[in-house]
Amino acid sequence: MNREVDLLVTTSPQIHHPDSTAKIMWTVVICLVPAGIWGVFLFGGKALLVIISSIVSALVTEFIIAKLLKRFTVLDGSAFLTGLLVGYNMPPGVPLYIPAIASIFAIAVVKWTFGGLGANWMNPALAGRVFVFFSWTGSMTNWRVPRFLTTHVDGVTMASPLGFIKAGLYDFTGTSPGPIAFLKAGGYPLSALDQSVTNWINTSVLNPLGASLKGGYVDLFLGIVPGCIGEVSALLLLLGTVYLFIKKIITWEIPVSYLFVFGLLIWIFGGLRFNNGLFTGDVMFNFFTGGLILGVFYMATDMVTSPLTTKGKLIFGAGAGFMTFLIRVYGSFPEGVSLAIIFMNIFVPLINKYTKPVRFGVSPRGGGK
Amino acid sequence: MILGLCPALAVTNSAVNALTMGIAVIFVLTGSNAIVSLIRNIVPKQVRIATYIVIIATFVTMVDLFLKAYYLELSKALGPYVPLIVVNCVILGRAETFASKNKIGLSFIDALGIGAGFTITLVVPGGIREILGMRTFFGIPVLGESFKPWVVMLLPPGAFVTLGFMLGAKNLIDQKIAERKRTANMESRIKLSA
């Protein structure tokens, strides 16, 4: 069955954009590379194998299906990007068949059953990740200890910061000033780098201003924590994001509304589970842990599965922020970014419908005679 | 064709559950169709739906109590879905559209056919989900130890994905049949004109 190409005839203004799909996709891939190199460096060669496994499966699946439909789409970069994102969302020690199945599911079921790139309503990489997450939850939450941590031994696993806190708070009755202090009280290791950088920041910048930074944030920001391969380093992901903004591949609406709503809710209610009052949540900790940065800038902003208008994007981001907060703080899983984004993907057609701009010459109330 | 597949999400997580559900539906369907067909001329039109429901509920209660008495484990696994056959639209649908207009023999055969089709539509996804989700088929291991079960197939999303692919396959077959008919028509027309 050949899909007919709809040739749409419109009146001016006709907008032409110089960027092709392939160019956009490969730019995003380039922006993601530093964070991946960091992940491989932290967790060892096994992490590289996981990423390669997911990319190769994504490309092979894309090639076979496109071949069956007599189309050629392997080089448009979208399958490569999907594979890369699947790999980045895997724990480094995961058995290799899991990223492969996640990629195959992402490309074959989530993307091509709906008609290929542009027709899928759900972010393929995230759907693939969630599919394998619920199938092999054990393997998918098996975090390796990264390089630089004092307890680093090759191949040994430990809890991620969010998982550690979720498990620790399960029957927690005392009080704790916040997540960083909670981790410290639980004996969670820090790197030597963190201590020296924190000291340097405190003595040279913050102390003269009368403030001080607790140990731990530097590890989170640089990514010296156990986690998925590509999500740990907030710094490198943010560097890539700056380039995406310069190239105007992503717009500000979704990240800003996502982070604003999430941060606001964490600030107001995040302290409650440490048995503190309102307005004591640790926003910085929650921004730099888990997959938030990767999810907000690289997956929530996916062009296919996010709304078209400014207003719609703001609603989308706010909803995803709200859901992430709910799942992270009150859900049974430590991390909720991927589920929150998928949840909001479902609403995209509805959001598009209600935020459609009024055509010129037509009254907003439907009159316009 | 997906009419009455409401229990499909819940009971197709294993082949045994799906088969039990299918047999229960066959029993209820044949029973109610036969009775409805027998009394079709003496039931006043205004109260016919209520009458059908009472008849269906009788058979459903019989199945439910039978399962509870002899196969407690299965009954527990199926949960509320056996009693819920009462509200399954397939059964009322057949009573209304077929049994109330046809003789008992025909109604009985219609119920058997529909019931068998329903059972197949439950057992196929049930089997697929059981094999992928638990490595077994009717409780017998069919895949080796090295196969790590896809737990997600046992959860509702697994049912949606499986049913989606089954419907896709059905549409493809329908399309092929329609195409073949069209070409056959064309050929016969060409022959006639020639």
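**Close-up views of a predicted model**

**View 1. Lys70 of chain A in its loop.** In this predicted model, Lys70(A) is exposed, with 9 other C-beta atoms within 10 Å. The residue belongs to the loop between helix H2 (45–68) and H3 of chain A. The phi of Lys70(A) is near 55°, a positive value in a residue other than glycine. Most residues other than glycine have a negative phi.

**View 2. Lys248 of chain A in its loop.** Lys248(A) is found in the loop between H11 and helix H12 (253–269) of chain A. Although Lys248(A) is not a glycine, its phi is positive, at about 60°. Lys248(A) is exposed, because 9 other C-beta atoms lie within 10 Å and a residue counts as exposed at 12 or fewer.

**View 3. The two domains of chain A.** The domain assignment divides chain A into domain 1 (21–146 + 224–246) and domain 2 (250–355). The C-alpha centres of these domains lie 21 Å apart. In this chain, 26 residues of domain 1 are in contact with 19 residues of domain 2. Elements giving two or more residues to the domain 1 side are helix H1 (21–43), helix H3 (78–88), helix H5 (124–135) and helix H11 (234–246) of chain A. The largest share of that side, six residues, comes from H11(A). By class, the domain 1 side has 17 nonpolar, seven polar and two charged residues.

**View 4. The contact between chain A and chain B.** Here, five residues of chain A are in contact with six residues of chain B. H5(A) provides the largest share of the chain A side, three residues. That side of chain A has four nonpolar, one polar and no charged residues.

How values were computed
Residues are numbered from 1 along each chain as its sequence is written. Chains are lettered from A and ligands numbered from 1 in the order in which they are written. This is a predicted model: local features need pLDDT of at least 70, side-chain atom pairs count only at pLDDT 80 or more; totals for chains, interfaces and linings use all residues. Domain bounds come from an automatic or database domain assignment. Two residues are in contact if their C-beta atoms, placed from the backbone, lie within 7 Å. Helices (H or I, at least four residues) and strands (E, at least two) are DSSP runs, numbered from the N terminus. Ala, Val, Leu, Ile, Met, Phe, Trp, Tyr, Cys and Pro count as nonpolar, Asp, Glu, Lys and Arg as charged, and the others, Gly among them, as polar. A residue is buried if 20 or more other C-beta atoms lie within 10 Å of its own, exposed if 12 or fewer, and partly exposed in between; C-beta atoms are placed from the backbone.
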